[in-house]
Amino acid sequence: DDYGDVLKWCHEHKIRAQTDYIMMAAYNHETENLANRLSVDEAGNVISDVLSGDIDYQTAILSPDFVKRCNEAVFNPERRLCGAGVSSCCMVANGNVYPCPGWQEMVLGNLNETPLQEIWDNSEKINWIRGLKMKDLGHGECCKCDKAAFCAPCMVRNANESPTGDPLEINRHFCAVAQKNKEIVLDWRKAKLKELGK
């Protein structure tokens, strides 16, 4: 429960800080750690706390066109899913190369056998990842969602929690957190505008 003090300290020292309240399953699909994951309501408490201390975010939420922009927010079906394997990759001591830190099941290659440049340019898996678009996630379901402005889909969160390791299988927990995020932000905006007499 100390994250509030950390955020306050960062704000006082003009340091941009974020609270990551998302816990995902282990890369081998073990889910025992999720017993420690915040519930949707607990995540909502963190979102509320972050909102109450982030002046820049409050200013953005109070802008006249905020609700319009939220309502118009959609995931472009042709948008890349993320930067994993596009702008970043990870390597570990045994030489394995992964698309991102949490996706250790998705081994793109091994540096003891193949140079990084060759893995980066020619790995079948990395090229598959690079070819994925938002329309592939949940068969395009996310492209029709009214919570797009409050959600950040993640292939590794999907893959790790999916029994089959499918990165395109939508993780419903994060849909529920996005819904909670939307409710909190819009309720805060409505109350604040009322308080300001607008």
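Asn171 touches Arg157, Asn158 and Glu161, residues up to four places away in sequence not being counted. The place of Asn171 is the loop between helix H7 and helix H8 (172–195) in what is a predicted model. The protein has eight helices and three strands, and Asn171 is one of its buried residues, with a relative accessible area of 9%.

**Asn171 and its surroundings**

- The side chain of Asn171 makes a polar contact with the side chain of Glu161, at 2.9 Å.
- A polar atom of the Asn171 side chain also lies 3.1 Å from the backbone nitrogen of His173.
- Asn171 counts as buried because its relative accessible area of 9% falls under the 20% limit.
- Arg157, which is among the residues touched by Asn171, places its charged end over the ring of Phe174, 4.2 Å from the ring centre.
- Asn158, likewise touched by Asn171, is also in contact with Leu137.

**Overall architecture**

- Read along the sequence, the elements follow the pattern α-α-α-α-β-β-β-α-α-α-α.
- The C-alpha trace spans about 65 × 35 × 30 Å along its principal axes.
- The protein has 198 residues, of which 36% are buried.
- Among contacts with a separation of 6 or more, 59% join residues 24 or more positions apart.

**Nonpolar cores**

- The largest nonpolar core has 22 residues; Leu81, Trp103, Leu108, Met134 and Leu137 touch the most other members.
- Helix H6 (124–131) and helix H7 (155–161) each supply at least two residues of this core.
- H7 provides the largest share of this core, namely three residues.
- A separate core of 10 residues lies apart from this one and includes Ile47, Phe66, Cys70 and Val185.
- Neighbours within four places in sequence aside, Leu137 is in contact with Leu81, Cys142, Pro153, Asn158, Pro167, Leu168 and Ile170.

**Aromatic rings and charges**

- A search of the whole structure finds zero aromatic pairs.
- Arg130 lies over the face of Trp120, at 4.5 Å from the ring centre.
- The charged end of Arg157 sits over the ring of Phe174.

**Asp54 between two helices**

- Asp54 lies in the loop between helix H2 (40–53) and helix H3 (55–62).
- With a relative accessible area of 15%, Asp54 is buried.
- The side chain of Asp54 makes a polar contact with the side chain of Arg16, at 3.2 Å.
- A polar atom of the Asp54 side chain lies 3.2 Å from the backbone nitrogen of Asp56.
- Asp54 and His11 are 43 residues apart in sequence, while their C-alpha atoms are 8.0 Å apart in space.

**The three-stranded sheet**

- Three strands form an open sheet in the order S1-S2-S3, with antiparallel pairing.
- Strand S1 (90–91) and strand S3 (109–110) stand at the edges with a single partner strand each, so one side of each has no neighbour in the sheet.
- S1 pairs with strand S2 (residues 96–98) in the antiparallel sense over two bridges.
- Tyr98 in S2 is the bridge partner of Cys90.

- Most residues other than glycine have a negative phi.
- Lys14, a residue other than glycine, has a positive phi near 55 degrees.
- Lys14 is located in the loop between helix H1 (3–12) and H2.
- Lys14 counts as exposed because its relative accessibility is 77%, over the 50% limit.
- His29 has a positive phi near 75 degrees and is likewise a residue other than glycine.
- The place of His29 is in the loop between H1 and H2.

Note on methods: Residues are numbered from 1 along each chain as its sequence is written. This is a predicted model: local features need pLDDT of at least 70, side-chain atom pairs count only at pLDDT 80 or more; totals for chains, interfaces and linings use all residues. Side-chain values use heavy atoms; hydrogens and water are left out. A nonpolar core is a set of buried Ala, Val, Leu, Ile, Met, Phe, Trp, Tyr and Cys residues joined through side-chain atoms within 4.5 Å. Buried means under 20% relative accessible area, exposed over 50%, partly exposed in between (1.4 Å probe, protein chains only). Helices (H or I, at least four residues) and strands (E, at least two) are DSSP runs, numbered from the N terminus. Contact means heavy atoms within 4.5 Å. Rings of Phe, Tyr and Trp (its six-membered ring) pair if their centres lie within 6.5 Å; planes under 30 degrees apart count as stacked, over 60 as edge-to-face and the rest as tilted. A charge sits over a ring if NZ of Lys or CZ of Arg is within 6 Å of the ring centre and within 35 degrees of the ring normal. A polar contact is a pair of N or O atoms within 3.5 Å; within protein, one must be able to donate a hydrogen and the other to accept it, and residues adjacent in sequence count only if both atoms are side-chain atoms. Two strands pair if DSSP finds at least two bridges between them.
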